[in-house]
Amino acid sequence: MKNMKVNVRMILNIGIILLLSVITIVVAESASITAQNSYSEAINRDMNSALRLMQVRANVNDAGRQLRDMVLTGYDAATSAAIDNNVTIIEDSLQGLIDSYPLDDGGAASYKQAVDNWRSVASTIRQEIQAGRLNEAEEQLINECTPALNSLRDTGMTLNTTLNNLIDESTASAERTSSIALYICIGMTIFSVIVALLLATSLIKDITLPLNEAEEAMVAMSKGNLEHETNYQSTNEFGKMVDAVRTSQSVLKNAVSDISRVMAEMASGNYDVQLRAEFPGDLAPIESSIDELISHMEDTIRQIMEAAEQVAAGAEQVSIGAQSLAQSSTEQASSAEELTTSVSEVAESAKANAEAAEGSRRDSHAAGAELDACSAHMKDMVSAMEDISKSSEEISKIIATIENIAFQTNILALNAAVEAARAGSAGKGFAVVADEVRNLATKSDEAAKATKGLIDGSLATVNRGASIVEQVSSSLDKAMQLAGKAVDGMGTIADAVEKESTAIAQITDQVDQISAVVQTNSATSEESAAASEELASQAALMRQVMSGFRVRQSGSRGAAPAPAPQPDYSAPVSSTDKY
């Protein structure tokens, strides 16, 4: 079963377990049916006979008691009917007892004979009672009925003992059958469990064994050990898995060994090497990367060799150029110092101009503030003139009211004079008063007109003053606008002078930096002259070091290397099966 497919083997094991389970269930069901039949037989046959016997005995006792009562008290139709009812039940029960009695020992027939004897005696006694012969009935009850009942009782007890023994035997037999069925079920269950455990143990062993070997091999591979042996052999899935692990070990071992050989050659300075092992699948990029590394290193070393020759040739030219550069740098440093001095003077002048422009901007801001204050006062005065004009208009309205009052007073005075004239001599005093009122109204009208003329003149003067104030306010607004433009112009000039000063300061800093750079270049050029000599000696040393590397000739770049034995990627096959 070792070479059997895992899924087929699992299906086979499950089938065996299911078959054993079905057999166990069938055996248990058969035993249960047998035990049930035994119990049913005991209940339907033996116990039914016992129940019939008990019913006959009970009804016989009941009928005997009723018969005795009739002997003592005389005939009673109800009691006689009850006796007939009991006799009918006794007959039915007795027939059921005979039908269900399980033995052929004559016990049921003997009991029936005893019942019939009692029934015959009881019938005779009932006839005597019904005829009124109670004494004869009593003698028959004592001499015949009581012995018949005793015989019936003894026969019933014997029959009851026989039935009880039979019931006990049937019950014991049913219990034995149930126990045997239970033991068989337990045995089949234990057997099924043992078989299932054996199958599971065998299956688990055949599964875990190759998995453990594969796990150990993979763990060893993860730790860098490619020499771990795997000996499991099979044609199922796990055998193929272990074969794949062995193949992986072989492929990786050959690849690592070949890479180690190439790297050792490269470490010793020999780049005229090439990989020989096979790198299948995802290992192919490693082969390509190492080939490219070798190619790039060859190109790099070759270029370094050529560069060493060129560096040695150019070191002398660098030295000559450095000397010339040192002399030029010294002259540039002198010119930079003179330029720095001139730029410093221009910077001082620009700084003074900037300070003067800043002062002018502050003065123009102060003048603008004063103009703003004058404009505010002028607006207040215009507002006051408007209030005066409004007050004059109100006074004109009051004067008009006074004129109207004077006119009405004059009319009243005329009316009073007319009435006084009508009154004659009696109205002379009233006429004098009316004349005085008319004179007063006339004077009030004249005063009102004079006041109105003055107020109209004042109002015209106020309007003319308000017009002049508006013109002055407009002139101040224009002057303020011109002053604002002047202030903005001064601010622009000040900003421009400040920017000019900043720019000159930056130029000064840059000139200082140029001077420092020129000084540095002068020193650097001298150092370059010394470094060029050192460079020449280092170029000679590098030429000597590069001579220790060996690379392929440029014409043999694409030539194939000497053939090497190919590694064996087939999984090792053991001649014996350890498992």
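# Helix packing and cores

Colleague: How close do the axes of H4 and H5 come, and at what angle do they cross?
Modeller: The axes of H4 and helix H5 (residues 237-267) come within 9 Å and cross at roughly 15°. Axes are lines fitted to C-alpha atoms over the stretch in contact, with angles from 0 to 180 degrees between N-to-C directions. So H4 is roughly parallel to H5 (under 35 degrees; over 145 is roughly antiparallel, 65 to 115 roughly perpendicular, the rest oblique).

Colleague: What kind of model is this?
Modeller: It is a predicted model, where local features need pLDDT of at least 70 and side-chain atom pairs pLDDT 80 or more, while totals for chains, interfaces and linings use all residues. Residues are numbered from 1 along each chain as its sequence is written, and side-chain values use heavy atoms, leaving out hydrogens and water.

Colleague: Back to H4 and H5. Which residues touch?
Modeller: From H4, they include Ile-207, Leu-211 and Met-218. From H5, Phe-238 and Leu-252 are among them. Contact means heavy atoms within 4.5 Å. By class, the H4 and H5 residues are twelve nonpolar, two polar and two charged.

Colleague: How many helices and strands are there?
Modeller: Seven helices and zero strands. These are DSSP runs (helices H or I, at least four residues; strands E, at least two).

Colleague: At what angle do H2 and H3 pack?
Modeller: About 165°, with their axes 11 Å apart. That makes H2 roughly antiparallel to H3. Ile-83, Val-87 and Leu-94 of H2 take part, among others. On the H3 side, Tyr-111, Val-115 and Trp-118 are included. The classes here are ten nonpolar, one polar and five charged.

Colleague: New topic. How many residues has the largest nonpolar core?
Modeller: It has 31 residues. Such a core is a set of buried Ala, Val, Leu, Ile, Met, Phe, Trp, Tyr and Cys residues joined through side-chain atoms within 4.5 Å. Buried is under 20% relative accessible area with a 1.4 Å probe, protein chains only; exposed is over 50%, and partly exposed lies in between. Tyr-111, Trp-118 and Ile-125 have the most contacts inside this core.

Colleague: Which helix gives the most to this core?
Modeller: H3, with nine residues. H1 (6-73), H2 (77-100) and H4 (134-222) are also among those giving two or more.

Colleague: What is Tyr-111 in contact with?
Modeller: Beyond its neighbours within four places in sequence, its partners include Leu-53, Leu-94, Leu-97 and Leu-159.

Colleague: How many residues are in the second core?
Modeller: The second, separate core has 14 residues, including Ile-259, Met-266, Val-273 and Ile-294.

Colleague: And what share of the protein is buried?
Modeller: Of its 579 residues, 30% count as buried.

Definitions and conventions
Ala, Val, Leu, Ile, Met, Phe, Trp, Tyr, Cys and Pro count as nonpolar, Asp, Glu, Lys and Arg as charged, and the others, Gly among them, as polar.
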